[in-house]
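Please look at the sequence and the model below before reading on.

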Amino acid sequence: MASVYVEIEISAPRERVWQVLMAKQRWKEWNSFLFDCDASLPFQTGEVVCLGFRRHPGESETLITPVCSRVQRNVCLAWISEIPGFRSQQVFELQEIGVGRTKYTHRQEFSGFLCRVFFPFIRQDEQKAMLRMARELKRFVEREF
């Protein structure tokens, strides 16, 4: 299994970071990587959401319809996207690391026989986009808090 991982410390309570992550209809205000495409589909375990992503700012959006695999309040949000031969799981985890401080972790795991074909080409761009999102989340939450 191939994976990409980023983490960042945010100077805000875990509950506040969680609120911002769950408000996907507002992601376009701060997030240049992932976008909500249907606000009527909330994050709920076992349910589909409609999202878009841009690995590079300014490029066309790619739409995905992942299934939420885990929604644990103030702790974890995860979803799985699949096409034949390729599976991607994104996991966002929040850990309280002190009073008013949160460690945000974003991990993406890839599997399937097409992973060997696609992953070498997307790995670096995916890592950069995830890091960009982490930094944007940090700026937004700390500014709003």
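## How two helices cross

A crossing is called left-handed if the near helix is turned anticlockwise from the far one by less than a right angle, and right-handed if it is turned clockwise. In this structure, which is a predicted model, helix 1 passes helix 2 in a right-handed crossing. The axes of helix 1, which covers residues 14–22, and helix 2 come within 10 Å and cross at roughly 115°.

On the side of helix 1, the contact is made by Arg16, Val17, Val20 and Leu21, while helix 2 brings Met133, Leu137, Phe140, Val141 and Glu144 to it. Sorted by class, this contact of helix 1 with helix 2 has seven nonpolar and two charged residues, and no polar ones.

## The largest pocket

The largest pocket has a volume of about 430 Å³, and 22 residues line it, of which Phe53, Ile64, Ser81, Phe86 and Ser88 lie nearest its centre. The elements that give two or more residues to this lining are strand 4, strand 6, strand 7, strand 8 and helix 2, and strand 6 gives the most, with five residues. By class, the lining has 13 nonpolar, six polar and three charged residues.

## A closer look at Thr62

Thr62 has its place in strand 4.

Leaving aside residues up to four places away in sequence, Thr62 touches Leu51, Gly52 and Phe53. Thr62 and Phe35 are 27 residues apart in sequence, and from C-alpha to C-alpha they are 9.7 Å apart in space.

Notes:
Residues are numbered from 1 along each chain as its sequence is written. This is a predicted model: local features need pLDDT of at least 70, side-chain atom pairs count only at pLDDT 80 or more; totals for chains, interfaces and linings use all residues. Side-chain values use heavy atoms; hydrogens and water are left out. On a 1 Å grid over the protein atoms alone, a cavity is a set of points where a 1.4 Å probe fits but cannot get out, and a pocket is an open set with protein on both sides within 12 Å along at least five of seven lines; lining residues have an atom within 4 Å of a point. Grid points are joined across faces, edges and corners, and a volume is the space filled by probe spheres set on the points. Helices (H or I, at least four residues) and strands (E, at least two) are DSSP runs, numbered from the N terminus. Ala, Val, Leu, Ile, Met, Phe, Trp, Tyr, Cys and Pro count as nonpolar, Asp, Glu, Lys and Arg as charged, and the others, Gly among them, as polar. Contact means heavy atoms within 4.5 Å. Axes are lines fitted to C-alpha atoms, for helices over the stretch in contact, and angles run from 0 to 180 degrees between N-to-C directions.
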